[in-house]
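These are my notebook entries on one structure. I looked up a single residue and then a chain interface.

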Amino acid sequence: MNIRGLKPGTVFFMMTLPAVLLYCLFFLAPVFIGFYYSLTNWDGFSLSYDMVGFQNYIDILQDKRFLNGLSFTLLYTVIVVFGKLSVALVLALLLSRPLKLRGLFRSIYFFPAVLSMITVGLMFNQFFYSLFPPIGEKLGIEWLSLNLLGNPDTAILGIALTNIWQGFAIPMVIFIAGLSNVPKDIIEAAVIDGASPVQRFFSITIPYLIPMLTVNVVLAVKGGLTVFDYIVAMTNGGPSKSTESMGFLIYQHGMSEMKFGYGTAEAIYVFILIGVLSFIQIKLLARKEVGQQ
Amino acid sequence: MKTRLPFRIISYAALAIGALFILGPLYLALSIALRTRDETTSNFFAPPTRLYLDNFSTVINKANFWGMLQNSAFITIISLLFMLIAIPMVSYAISRNMNKLYFKWVYTIILMGIFVPFQAIMLPIYRHMGNLELLNQTGLIMMYVTLSFSQGLFLGVGFLKNIPLELDQASKIDGCGVWYTFSRIIYPLMLPIIATILILNSLWIWNDFQLPLIMLNRHPDFWTLPLFIYNFKTETSFDYNLAFAAFSLSMAPIAILYVFTQKYIIGGLTEGSIK
């Protein structure tokens with residue numbers, strides 16, 4: 001039947017080949033290579049190195065810098081997840097009202113999401129250093145007149161604010177999509193029964209939003225834990241190493257501090273952390289969806 | 001339900017304040033880019049008094065902006081061409097052979113890639129690609145195509161579940177082979193999900209900083225726009241009028257595209273994340 005005389009099974013097999021070959025060569029191979037180097041003390045350029053077993057893994061757990069990086073990354077994730085999702089939810093509720101100009105506002109709000117994080121990060125770095133302080137002084141607002149990024153205690157906020165500015169838009173449109181699923185007749189029935197707007201929001205809108213909320217949390221958590229571009233663009237890990245995220249530490253150790261083996265071991269920890277977290281979250285999400293049917 | 005007037009006013013006021021927060025920084029960037037250094041120190045918010053374009057021409061002429069723009073466009077377009085053939089192809093083969101061990105394994109193993117954050121393989125990629133002498137644009141394109149498979153397969157196979165098998169069978173009875181059925185019947189039906197894959201990946205590649213940083217940072221001739229803007233800032237950290245001209249220029253292509261295709265971009269990004 002087939003012109004070239006190949007069996008359907010063979011054709012199907014050949015159709016998977018480009019993906020399978022590329023995936024083995026450029027994805028699985030690096031994963032295994034990474035694990036191999038995590039067992040060595042290779043510095044990244046010498047010709048020789050030793051196998052050190054799990055020494056890197058043990059050292060990392062006692063490494064203050066790594067633990068600081070871990071706690072920075074976790075705190076950052078919490079701030080960004082809360083910040084992004086609350087801004088997103090408020091704007092989504094506003095944009096779900098029958099307003100004439102809502103299309104225009106949605107377009108404006110979404111624009112930062114299509115920009116590159118490195119450009120936005122560099123831009124806000126300039127704002128924080130040379131623009132906001134004079135503006136704050138003129139207006140007499142104290143927190144604005146200080147450079148958030150220049151202080152180890154507040155630098156995390158400067159980065160998080162930038163991330164929220166750029167990152168709330170995608171959760172916002174996901175919430176909008178969720179809000180459009182709330183059945184109108186249920187709300188109308190609630191209005192007739194005399195439910196107040198607040199009651200309607202908590203007993204009707206929120207339950208319908210739960211699946212979208214889960215999606216948004218999964219995405220925002222992953223985004224927070226893997227923050228890298230903003231760090232490079234805005235603080236480069238400083239001041240006094242207070243903003244070194246996990247991704248940034250891996251890069252620093254592997255690419256510029258000649259601790260390649262050590263960096264790959266850190267990467268394995270990050271992989272376990274993020275892999276396990278997203279796996280749990282996605283399992284939870286799947287259960288919710290089944291429960292809904 | 002019609003919204004009452006006071007509610008409408010409050011809503012619009014809140015939305016307008018929000019829009020100010022979004023547009024303000026962008027306006028500032030452009031306004032600083034259009035000034036000389038002396039003019040900047042006076043008042044950032046006032047509109048520029050004259051059209052001063054020297055900052056832009058400096059970025060374009062001295063910093064090889066066009067070259068970087070071309071690199072970015074080239075890498076994005078070639079990667080997408082490969083993806084838009086390879087992803088639907090492997091998705092189709094897998095979705096029609098889920099009962100066979102090989103296809104099931106390929107599906108499972110590629111999907112597991114979703115759980116591997118890029119930073120976990122960042123260093124080994126650098127080493128591996130260095131060994132293969134692929135720390136160049138070819139290597140970068142291959143990496144993008146490879147890293148797109150996990151999500152692409154997830155979206156593609158999910159979509160194909162809703163395309164009935166009867167179509168394949170009918171086409172088989174008509175004497176069409178697997179490849180003909182795929183390319184003439186299935187592929188056109190997959191266009192909606194292909195569009196989603198196209199939008200998600202084009203924005204990702206165009207804006208990506210980490211892979212180019214790992215793979216191309218030592219070869220200025222290969223730089224993409226994000227890498228260019230990063231290095232440009234490092235080199236000219238004291239001239240921020242120039243820096244903002246570079247930021248504005250690097251945002252311009254995507255801004256122009258956004259004006260015309262925002263409906264599809266917003267739709268594609270939302271759909272890609274919900275699934």
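Entry 1. I looked up the side chain of A:N56 and found one of its polar atoms 2.9 Å from the backbone oxygen of A:S38. I note that the model is predicted, that local features need pLDDT of at least 70 and side-chain atom pairs pLDDT 80 or more, whereas totals for chains, interfaces and linings use all residues. Residues are numbered from 1 along each chain as written, chains are lettered from A in the order written, and side-chain values use heavy atoms, without hydrogens and water.

Entry 2. I placed A:N56 in helix α2 (residues 55-61) of chain A; helices are DSSP runs of H or I with at least four residues. I recorded A:N56 as buried because its relative accessibility is 7%, and buried means under 20% relative accessible area with a 1.4 Å probe, protein chains only.

Entry 3. I listed what A:N56 touches (heavy atoms within 4.5 Å), leaving out residues up to four places away in sequence: A:Y37, A:S38, A:T40, A:G261, A:Y262 and A:A265.

Entry 4. I turned to the interface, where 90 residues of chain A and 91 residues of chain B take part in the contact. Chain B and chain A bury about 8200 Å², with 79% of it on carbon and sulfur atoms; this buried area is the accessible area (1.4 Å probe) lost on being put together, summed over both parts. On the side of chain B that touches chain A, helix α1 (residues 5-33) of chain B gives the most, with 17 residues.

Terms used:
Buried area is the accessible area (1.4 Å probe) that two parts lose on being put together, summed over both. Helices (H or I, at least four residues) and strands (E, at least two) are DSSP runs, numbered from the N terminus. Buried means under 20% relative accessible area, exposed over 50%, partly exposed in between (1.4 Å probe, protein chains only). A polar contact is a pair of N or O atoms within 3.5 Å; within protein, one must be able to donate a hydrogen and the other to accept it, and residues adjacent in sequence count only if both atoms are side-chain atoms.
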